[in-house]
Amino acid sequence: MTTNETPAQENDEKTITHRREIKSFVRREGRTTPAQERALNELLPVYGIDYCPDQQLNFTQLFGNDNPVWLEIGFGMGQSLASMAERMPEINFLGIEVHRPGVGSLLNAVQEKNLTNIRIMSHDAVDVLKNMIAENSLARLLLFFPDPWHKTRHHKRRIVQAEFMSLVASRLSVGGAFHAATDWEPYAQWMMEVLDTHPHYQNPAGTGNFAIKPDYRPETKFERRGQRLGHGVWDLIYVKQ
Ligand SMILES: C[S@@+](CC[C@H](N)C(=O)[O-])C[C@H]1O[C@@H](n2cnc3c(N)ncnc32)[C@H](O)[C@@H]1O
């Protein structure tokens, strides 16, 4: 606080600084359908986890077993996450998404498919990773078709940055992997540069090479949209050293 500022002015400054924190998403509230609204009211208390910054998750308690945990950031409408959870019952999935209609839609799929290996959070995944995920606890972190933030002045909003990748590395177990896919070639190159120059990751496909799409990754809604626009798809899989 400068000598001329009142405590109230100082608080205002803090609020403004806080509001300006760079986020990788904009909240598109969109309309929830009655089915999604019902799911948010009735199923989120069953499959959802509240954001509690001072409480780390205990995966063994949460899932009732010690299976490996894969975390997906930004699952969109959730069809691909539900399909992975259905096809891989030996994996526990934690999905994080801020888009409420998407959370409602995934909850409905979880109920329809009777899935027991999936938990859902509706919050900024960066906060969740920082405050609720233990170090060395994730087998895989999935980031499928993250918002590409095309304009140069928005590149700072891209979630893949060196600092974010250090956070991810600290939460992955040794040998765990980060798997991203995008239909925006400049973002694919951007991610590769961040990861190739990061000391905690190694590219099993060889430096400068993209990964072959693994069978476990279903086609996502955004991927289909990209295909309609004639875009290619790039997968990146990097292992924590
Ligand atoms: C382009 S969409 C892709 C959705 C889905 N993965 C697909 O391929 O269809 C990106 C999603 O990431 C979500 N998202 C972006 N940043 C996020 C964050 N920090 N925490 C949680 N969700 C985030 C957005 O709300 C959006 O739904």
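The structure is a predicted model.

**Strand β1 and its neighbours**
- Strand β1 (residues 69–73) is mostly covered, as 5 of its 5 residues are buried.
- Burial extends to both faces of β1: V69, L71 and I73 lie on one side, W70 and E72 lie on the other, and all are buried.
- With strand β2 (residues 92–96), β1 forms a parallel pairing over 5 bridges. Within this pairing, E72 is positioned opposite G95 of β2.
- The chain passes from β1 to β2 by way of helix α5 (residues 79–87), and this β-α-β crossover is right-handed.
- Strand β4 (residues 138–144) also runs parallel to β1, and 3 bridges join the two strands. Here W70 is positioned opposite R140 of β4.

**Strand β3 and its link to β2**
- In strand β3 (residues 118–121), I118 and I120 point one way, R119 and M121 point the other way, and all are buried.
- The pairing of β2 with β3 is parallel and comprises 4 bridges. F93 has I118 in β3 as its bridge partner.
- Helix α6 (residues 100–113) carries the chain from β2 to β3, in a β-α-β crossover that is right-handed.

**Helix α9**
- Helix α9 (residues 185–196) consists of 12 residues. From its first C-alpha to its last it reaches 16 Å, close to the 16 Å expected at 1.5 Å a residue.
- Which residues of α9 are buried? They are Y187, A188, M191, M192 and L195.
- An α-helix has 3.6 residues a turn, so residues three or four places apart point the same way.
- P186 and E193, on the other side of α9, are exposed.
- The buried residues of α9 pack against helix α8 (162–171) and against the strands β5 (172–182), β6 (201–202) and β7 (234–240).

Methods:
Residues are numbered from 1 along each chain as its sequence is written. This is a predicted model: local features need pLDDT of at least 70, side-chain atom pairs count only at pLDDT 80 or more; totals for chains, interfaces and linings use all residues. The expected span of a helix is 1.5 Å times one less than its number of residues. A residue is buried if 20 or more other C-beta atoms lie within 10 Å of its own, exposed if 12 or fewer, and partly exposed in between; C-beta atoms are placed from the backbone. Two residues are in contact if their C-beta atoms, placed from the backbone, lie within 7 Å. Two strands pair if DSSP finds at least two bridges between them. A crossover is right-handed if, with the strands pointing away from the viewer, the path from the first strand over the helix to the second runs clockwise.
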